[in-house]
Amino acid sequence: MAAAAKTRPEAALGKPSPDWSGWSACAIAVVGFGTCLAGWLTGGGRGSLPWAPSIGLELSFALDGLGALYALLATGIGAVVFAYGTCYLRLHLVHEHRPATERRRFWPWMVLFAVAMVGLATAQDLVLLFCFFDLTAVCSYFLIGFDRGEQHARTAALASLVVTVASAVALLVAAVVLRAEYGTFSVPELVARVEPGPVATTAAALLAVAALAKSAQVPLHFWLPRAMAAPTPVSAYLHSAAMVAAGVLVLGRVHPLLARSEAVLTGLLVVGLASIFVGGVLALGQDGLKQLLACSTISQYGYVVMLYGIGGPTANGAAGFYVLAHGIAKSALFMTAGAVTTATGEDRLSALGGFGRRAPVLAAAAGVAAATLAALPLTMGFFKDELFFRAAREAGPAVAVLAVLAAALTVAYIGRFWIRLFLGPAEPGTAHRAPARALVAPVVVLAAIALFGGVVAEPFARLAEAAGAVATAAPVSLSPSYHLDARAGNLMALAAYLLGGLLLFGARPTSAVARAVALAGDRLGPNRIYVGALRVLARCSAMLHDREVRDLRTSVAAVLIPAGLLTAVAFAATPTAGAYTTGRIDGLDWLILPLLGLAALAAIGAARSAARMAMVLALSVVGFALATIYALAAAPDVALVAVVVETMQTLVFLAALSRMPRPGRAAARPLGRWRDPLVGAVAGAATFAGVWGFLSQPTSAPGMSAEILRLTPVAHGADAVTVIVADFRGLDTLGEITVLLVAVVGVATLVRRGRLW
Amino acid sequence: MILAYAAGAAILFGVGSYLLLQRDLVRIVAGVMLISQSAVLTLIGSSLTRGQAPIAPEPGRPVSDPLPQALSLTALVIGLATVALLLALAHRVAVVFRSERRDALAANEVEHEQELSPERQRDQDETAGPPPRPGGSR
Amino acid sequence: MALLVPWAAGTLLIGLDGRRRSVMWLAVAALTATLAGLLAVAARVLPATAPPGAGHVVTGGWPAGVGIVLRADALGLSFALLAILVLLVVVATEAAAGSTSRTFPGLVLLLAAGLTGLFLTGDVFTFYVFFELSMTASYALTSFGNRPRQLRAALVFAAVNLFGSFVFLIAVAGTYRVTGALAMSQVADRIGEVDQNAALLIAVGFFVAFSVKLGLFPFHYWLPTVYTSASPGVAAILSGAVANIGAYGLLRLGGEVFTAQARFASTALVLLGIASILYGAVLAIARGDAAEMLAYSAIGQVGYVLVALGIGGPLGFTAAVLYSIVNGLNKTLLFLVTGLRGMLVAAAFAVGAFSVAGVPPAAGFIGKLTMFQAGVAAGSPALVVLLVLGSTLSLIYLFQVYQRDFWCENTTAGAAPATPLAGRLVVGALAAVVLAAGIWPEPLLALSQDAATVLVGGRR
Amino acid sequence: MISLLLDVVGGGLLLLGLVLISVGVYGVLRLPDTYSQLHAQGLATGPGVIAVLASSVATENAATITSAVLAIAFLALTSPVAGHAIARAAHRTDREPGSRRSTSDG
Amino acid sequence: MTAVPLVLGLIWVTLLLVAGGVVLIRARNALQRIIALDLLALVVVSLLALLSYARDVSYYLDAAVALALLSFVATVAAARYLDAGGPLR
Amino acid sequence: MTGTALRIAGLTAVYLLTLTSLHPADVVVGAALSTALVAIGARARAAVRTRAAPASTPGRRPPPPLTRRLAGVPALVGGTLVDVVRGTWLTVGYCLTGRTQRSGLVAVPIDPSTTGSATAWAIRVGIAPDTVVVDVELDPGADDGHRGRMLLHVLDASAPDRVRAEVQDSYERRQREVFP
Amino acid sequence: MRRDDVVVRGVARPLLDASVLVAAGLVVQGYAEVGDGFSAGMIVALAIALHYVGLGARRTEQALPLLRRAPALAIAGLALALGTGFFPVALGQPPLSHRPAPGAPVVTFGSLELATPILFDLGIFLLVVGLLTTLLHLLAGRIDESGPDGGPR
Ligand code: NA
Ligand code: NA
């Protein structure tokens, strides 16, 4: 199998089969984009189907502004990335010496992911939202783990799964909390009903947690850089434009609910800011191309989260625009990184340089994308920052200052990325081939869109306004445009460029600081905590298990003691005064007493006897004593069966004993000497309490016996017991003899491979 | 009488439990047997009425409750069945282990555990990544 | 009645050599017939239009309490359907693989008879008898195999569970003594007048018996050995079908009969359930053996059922029933998969793992949803947090094993022989069922709610 | 008249039987070696129990008497065989060299 | 038959049964145990017979018949266990 | 043939005693069951006999006629009763005083005979408390020549020859008449 | 080492026959007196056990060739009991409804009541005899040292 896997790519090299699955995925995305666009342009729409009426689940979708924005983003960028992926994947698999058939594990997940994103964008039911939310996580898991031979890919996949799925549960819990209070899972209805208060705050906080983890916000951001183990198309799609956007999508979707709680909004603001700076500083220090971009993503979504934290029409509208612009630019940059890496086989910034001479088109397109991210004029990015600054100003001067710093940070790290990659001297020792044209073209397309948006922002703004309107539950107006004057927005932008340039060209101290931050994060940060927690868990697990295996598993005491304790607790928890009586002893009952004594004595004798034979015979004394007791208790049927069963049991015991090796003398265990009798005593005491307890409380209700005795002649019998056994409760008898059958079959299985004869 | 039945059942149960803890497998079977007898005794003790046997009883005199007697019959049979099966099992263990002592079995279990430790390490690697090598950081 | 088919078929199949393919397929046919019969009963009894006495029979036509009450209500039927489905899947897988055992099909059918009877009886003692039938068949099934660990496990299993059985029997005796009745409905009517001490002690007896069966936290020590040592098919049967006896018993007796006692002890139940969830999850983390991981996972999962039971009320009972059913399906799927290899199998494992972790669209997500509903209804944030923690841990332990077994190329586990297509298809079909139950959860939800209604008081 | 006679006979047999059984139990308890114990046991299991069963004549209950007759018949058949089997085991375990240990408990 | 001697007899036989049981438990060797076992079974037969007389019903004797017929099987088996290494060999 | 009839009659009697009934229908049922049992037994024995070589012993006497056998029963029962009473007396004394000096093993040679006859003898001898049958060896050539041997443990073994003589005498005089 | 015990062999067969008739009596008068199909089956099984003890497995099974049918007997017994118990279901009655119906007159043949409970008891009797004989056979025969059933896979 492994050998086959090694040889087959060689064949694939010679005759590259067209990646039909990839192209059909691309076609699906294009069709999806077209449909969404058409749907949006014709005024959206909504629909609802019952899903699980018993708990009020509905399959309700609506193509509103927010839905349209994210659906178009997902399908549009999806189409471009899929086209890129058809080429990339082939090269990737050849490079990894893996068969081309492994595409099968790739495209279905990509398409499913796109579908999930569209579903998520349009879902109107919180549980439905949760489902798509998790579906994206699942797709992401399998896509990150696509290179399953690589250990780091596997751990990264698992980390992303754990973080996103575990945090998504918060969304579900929030849904349940809201339904418990307001009786519906439907988002629009909740928006209409929810009142500010503790329930709203709790639910909002839970929703925010789910969304923030998904959007890789501090402190749950650590999974995203690790997720770069995925093939580049995945990073370009999921981890820039789509999956990470799912978090902020949810924030937008439930923003009216979040807005019911000031605390939650403030929290969003803080988390957003923290993410901007942590992500930005980390990005400054990163060496890996994709890791740098991933940190940038953390930072960029920090902007969006911050915007939602600010809230209000402007901020909410700006958030939508920001997502759009960032998605386009970041996908292009990821694809750039992939193109460079496939051409050079190198994925570290420090090992690359001067690639612009080899690939001028790519350099230009990437430049546009970087400029978009850095918010330079004539790109769509300028407006994203313009709106961002506007919202920040509305939130107050402190936030505005922080916003400028944030933008400067972006300028610095993205500038570093582009300059180090495309300018300067080529790094010696790195193979420099021109990237495949099929890998460059998608970057160019996205760059063109970014440029178009930089000139004609209107359609994008319209979409963002509609999205903002959903998030605000009120109309939103953005109207982005260029103003060549000294208004605050422009000044802030200039300040940001200036500061960013300073950071960029004061590279040495900057990167030293960045590296220190990265190191500190590595030592103390959430990643470390995650890994450490897992290690501690494993150690804990091993310890407990060791204890179980060594001491408990082989001992029935492990079951007896908790049973006894439970009984003791029950005994203590209820009033016992007057609950116990001793009862009367009359007539032949007196004879039962010595026989009970004999049974007890014989049982103890059996336990004490060293020889097995003696034990068996003592057991049969128990049996005979009990049989006699049954006879004295006026149960002749039971007495008869008891004596025959007793005899048979003795026989079977002896037969089995004779086939076993005779044991040597048992060495007394120091522990067992007192522990075993103690456990036995505990079990006995518990039984005593229980049995005495219920024997003391006979029912006053008329028992069944009178009725049974009355019906016995009706059933043609005189012996009530036999009539019960054969008629009234004949089913029990059938069951009981079947038990006997099964037991004998079991014996046959054990001694004769199941042959009964 | 109530007290006597309860005490009798409790002693049988307690001794049976004690035997369940023994290392000799045959004694475990004996313990199960005693516990089953304790249950049957309890059933008989739970009769709601006492008197003559419920076989064509003379009218007017108290009759023993037939229902617990019928239940006891069933329980006795089930006890026999399970004891037979357990004995066969104990015998099989004795044949395979060449010992019917439980500590040998426990040792076997611990041994099996140790065999699994590399697998465990690999499991941990899947989540937490490979263990940090001294001096090597990435 | 659906009870007869497996019983009679099992009786006959015991006499035949189960190693023959034809006998295995006969068993499959019999189980299919049983399933169909149960579905027919369900179709007759469950709709709201069904007459009130439908599905209620007393043996011999005697008055209830003299004869044995058999009743097919939503609670019993749902568990019975699940059990038979699980057995059917396992037997079909084994039939595809070719059983090497003479007695396997017969034993499984008799187990099916026992389980069906147990879930459909309304009599405490008959419950015990069928319980013993099921358990004895399970003991016989676990004693397949010749490795020392297997036998040892079978012995521990049998000894511990027999202990539980006899505790149960003593509790039955007590029930009769304090209420004078064995029919559950009559017991339920009269238990309210019983002295608290006696009633609680009896309830504890039942609880211990079922906890041992379920493998709840302090009573679980036997379970990992057994599940690990048994063959995948048998482990699937034990965890998917047999363990549910405990869940059903706790629900039936705790929810319908000993209601006051269950309410009295609800905090204790929830605490034990949480202990079970955490203990099972933590121990499952570093096991190294897929079957043992699943065994501890099973311990954790039943904790959820107990928590739901402790919460009680319509929401709690719904969650408990639903969770039991979903958990049965999950565990069957996962245990079966541990014995197989292949892509479809990997997918099936992933589906099962997602279901256990409660990730949609696998069925487990509905279970988790109802659990949260119950937890929120109980008004305890700590509880919800613990439930989340448990499911997160389950994600970790399941997927680390998934990756190790199905992603790593150089594993020793990969040396397992290729599995016949039919077996893989059966597993795939079960996985599809798990997915379908998550995508279209309405039937399951409705059934669980009906079952909860049975417990809460609207007897159907 | 007959009834009284039967009562007397029955009572006598009962007393005889109980005495014999008691002596038998005493003998098994006190006598030192297996064979002697066997003789004592034979006293109880043979004549002793048979006498007790025979005293059923005094009940004048047909069902009781027929059952007792049946039991006597079976006892007469089985009790010597039981004694014989034990004696044989005693004889054989004694005769085997070095096997005295196995007689004193297996 | 009159009740008093029967009740006295019952008490006496019960005590004998206990004594027999004690003999078995405290026996010096395996053979004495087997002897005591056989004895015990027949003491039970006597007890059942007395019970039957005392209650003036026959059905306790059915168990006695069964014991008379078959209790010695266990005795023989135990003896066999000692002399031939196993009751069924 | 007569043996078969006796066997059937005996078994029917067991059935009737169990039921405590002399109802003709019960007699019919009992007789039918007994006949079936005896027939099955006979067939099985025939099957065994044809499998194993037919071992007809040359020294065996022809069985006496049925009437003589029936006539011998009272003597046999009576003799046995006497033995039992005497043995009981002896044993009671022995148990209560505990004198042990004179008991011991006595080997009694017996004629090669059928299993049934030997069994009957052992039971008849064994039911007396003062004698315990230790071993019965039928097959010729086992220990001493051509004769079977019965090993007895008797309370009074002071005169082994007398014991042997008594046992053999009772065997020849009483048992041979009934169980040839 | 073992040598045949003539005396045990001699009583085994008569006792078996007698126990079968005692058992028959118990079944026939099961509804009127102590005893039922189960205890009857146990008694016969013990008599068969005496054969195993006295003669050993090989010779017992030679002498009583019918024993070879024990498993079939057991299965037939359970089938008979199940059939008797569940037959009424086919007629639309609850399971374990016996014929004649409660209160209706019963045809008797001596002590034998011609009613379905007798069939039920007979089934149980056959099952117990068959099963316990099988158990004795299993315990007495050569143990398959190569191990128990391989189990599923
Ligand atoms: Na004697
Ligand atoms: Na009866």
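**Exercise 1. Chain G**

Determine which secondary-structure elements chain G of this predicted model contains, and in what order they run.

*Solution.* 
Step 1. Chain G has two strands and five helices.
Step 2. Read from the N terminus, these elements follow the order α-α-α-α-β-β-α.
Step 3. As for overall form, the radius of gyration of chain G is 19 Å, whereas a compact globule of 153 residues would have one near 15 Å.
Step 4. Along the principal axes, the C-alpha atoms of chain G occupy a box of roughly 60 × 50 × 20 Å.
Step 5. Of the 153 residues in chain G, 66% are buried.

**Exercise 2. Chain A**

Describe the elements of chain A, and state how its radius of gyration stands against that of a compact globule of 757 residues.

*Solution.* 
Step 1. Chain A holds 32 helices and two strands.
Step 2. The compact globule would have a radius of gyration near 27 Å, but the value for chain A is 38 Å.
Step 3. The box filled by the C-alpha atoms of chain A, taken along the principal axes, is roughly 115 × 65 × 50 Å.
Step 4. Buried residues account for 64% of the 757 residues of chain A.
Step 5. An unreviewed UniProt entry places the feature "domain: MrpA C-terminal/MbhE" at residues 673-755 of chain A.

**Exercise 3. The sodium site**

Identify the protein donors of the sodium ion (ligand 2), and decide whether Asp719(A) is buried or exposed.

*Solution.* 
Step 1. Chain A supplies Asp719(A) through OD and Thr722(A) through OG1. Chain G supplies the O atoms of Gly30(G), Glu33(G) and Gly35(G). These donors lie 2.1 to 2.5 Å from the ion.
Step 2. The pair Asp719(A) and Gly35(G) crosses between chains. Asp719(A) is in the loop between helix H30 (704-714) and helix H31 (720-728) of chain A, while Gly35(G) is in the loop between helix H1 (6-28) and helix H2 (37-55) of chain G.
Step 3. A residue counts as buried under 20% relative accessible area. Asp719(A), at 0%, is therefore buried. Gly35(G), at 1%, is buried as well.

**Exercise 4. A surface patch on chain E**

State which residues form the nonpolar patch on the surface of chain E, and classify Ile11(E) by its relative accessible area.

*Solution.* 
Step 1. The patch consists of Val4(E), Val7(E), Leu8(E), Ile11(E), Trp12(E) and Leu15(E). Together they have about 550 Å² of accessible area.
Step 2. Ile11(E) lies in helix H1 (residues 3-25) of chain E.
Step 3. The relative accessible area of Ile11(E) is 36%, so this residue is partly exposed.

Notes. Residues numbered from 1 in each chain as written. Chains lettered and ligands numbered in written order. Predicted model: local features only at pLDDT ≥ 70, side-chain atom pairs only at ≥ 80, totals over all residues. Heavy atoms only, no water. Donors = N, O, S within 2.8 Å, 3.2 Å for Na, K, Ca; no water. Helix = DSSP H or I, 4+ residues; strand = E, 2+ residues; numbered from the N terminus. Buried < 20%, exposed > 50% of the residue type's maximum accessible area, 1.4 Å probe, protein only. UniProt positions renumbered as here; feature names shortened; annotations may be inferred. Patch = residues over 30% accessible without salt bridge, like charges linked within 9 Å, V, L, I, M, F, W, Y side chains within 5 Å. Areas by Shrake-Rupley, 256 points an atom, 1.4 Å probe, with all protein chains shown as cover. Salt bridge = Lys/Arg side-chain N within 4 Å of Asp/Glu carboxyl O. Rg over C-alpha atoms; globule rule 2.2 N^0.38 Å.
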